[in-house]
Amino acid sequence: RLNLMLNVMTDLLMILISVFCLKDFIVRQINDFMKRKKKIIINGVVIGYLLCFVMSMITALLVRMLTAKSTSANQEAVVSLAKYNPVIMLLMTVVFAPLAEELLFRGFLFTFFRKYNRILAYVISAFMFGFVHVMSAVMGGNLSEFIQMIPYVGMGLVFAYIYESNDNIVASVLTHATSNFIAMLLILF
């Protein structure tokens, strides 16, 4: 219960800080989204999810080649928490996490580094996205979890691509939310 509440509080705090720091960016993104809704929704939900699916297959194979363990400690925690409180976990994984993480990793990090170097923006934002998902286990001494970063880094690359190709953060939020929603449905059912 404590872990779940800490995750909720962390995501809400990240969203509030991001909204405060990126309010002008967010207003521009929402105004742009309102003008191009259909294209952004199709790119974010359909194309974005298909790219996520392909990336997850590729990265799962890579992880399998490097280690016998196919799931990360983060994934195991998500499964456990989803079984404990599915409603809150759906809210967390489909609404809070995509908003918080896309604002931080694509809205702030990717946008900041893209001014200097596009490739660097992809690498840093995807690496940081991946690291955050295994950080607890790695900081707890489980260095083998670094390999489990691979799927998260892959997804971070997809989210950055969707954000950049649409020039709109809503597209990557939709891709992230769709990917998490389908993953949660698979966990719950």
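Predicted model: local features only at pLDDT ≥ 70, side-chain atom pairs only at ≥ 80, totals over all residues.

Residues are numbered from 1 along each chain as its sequence is written, and side-chain values use heavy atoms, with hydrogens and water left out.

**Stop 1: helix 7**

Select residues 149-166, which form helix 7. Helices here are DSSP runs (H or I, at least four residues), numbered from the N terminus. Helix 7 has 18 residues and reaches 26 Å from its first C-alpha to its last, close to the 26 Å expected at 1.5 Å a residue; that expected span is 1.5 Å times one less than the number of residues.

Now colour the buried residues of helix 7, among them M149, Y152, F159, A160 and E164. Buried means under 20% relative accessible area, exposed over 50%, and partly exposed in between (1.4 Å probe, protein chains only). What covers the buried residues of helix 7? The cover includes helix 2 (23-35), helix 3 (37-66), helix 4 (73-84), helix 5 (86-114), helix 6 (118-139) and helix 8 (169-188).

**Stop 2**

Click on A160 in helix 7. A160 counts as buried because its relative accessibility is 0%. Leaving aside neighbours within four places in sequence, A160 is in contact (heavy atoms within 4.5 Å) with R106, F110, Y122 and S125.

Not counting residues up to four places away in sequence, V153 touches A126, F127 and G130.

**Stop 3: T175**

Move to T175 in helix 8. Is T175 buried or exposed? With 0% relative accessibility, T175 counts as buried. Beyond residues up to four places away in sequence, T175 touches N43, G44, G48, Y49, C52, V158, F159 and I162. One of these, C52, is itself buried, at a relative accessible area of 1%.

**Stop 4: a nonpolar patch**

Show the surface and select I42, V46, I47, L50, L51 and Y161, which make a nonpolar surface patch of about 500 Å². Helix 3 gives the most to the nonpolar patch, with five residues. L51, found in helix 3, counts as partly exposed at 32% relative accessibility.

**Stop 5: the salt bridges**

How many salt bridges does a search of the whole structure find? There are three, where a salt bridge is a side-chain nitrogen of Lys or Arg within 4 Å of a carboxyl oxygen of Asp or Glu.

- R36 pairs with D32, the closest N and O atoms being 2.6 Å apart.
- R106 and E102 meet at 2.8 Å, N to O. They are separated by about one helical turn because they are four residues apart in helix 5, and both are buried.
- E164 pairs with R118, with 2.9 Å between the closest N and O atoms. E164 lies in helix 7 and R118 in helix 6, so this pair ties together parts 46 residues apart in sequence. E164 counts as buried at 17% relative accessibility, while R118 counts as partly exposed at 46%.

Definitions and conventions
Helix = DSSP H or I, 4+ residues; strand = E, 2+ residues; numbered from the N terminus. Patch = residues over 30% accessible without salt bridge, like charges linked within 9 Å, V, L, I, M, F, W, Y side chains within 5 Å. Areas by Shrake-Rupley, 256 points an atom, 1.4 Å probe, with all protein chains shown as cover.
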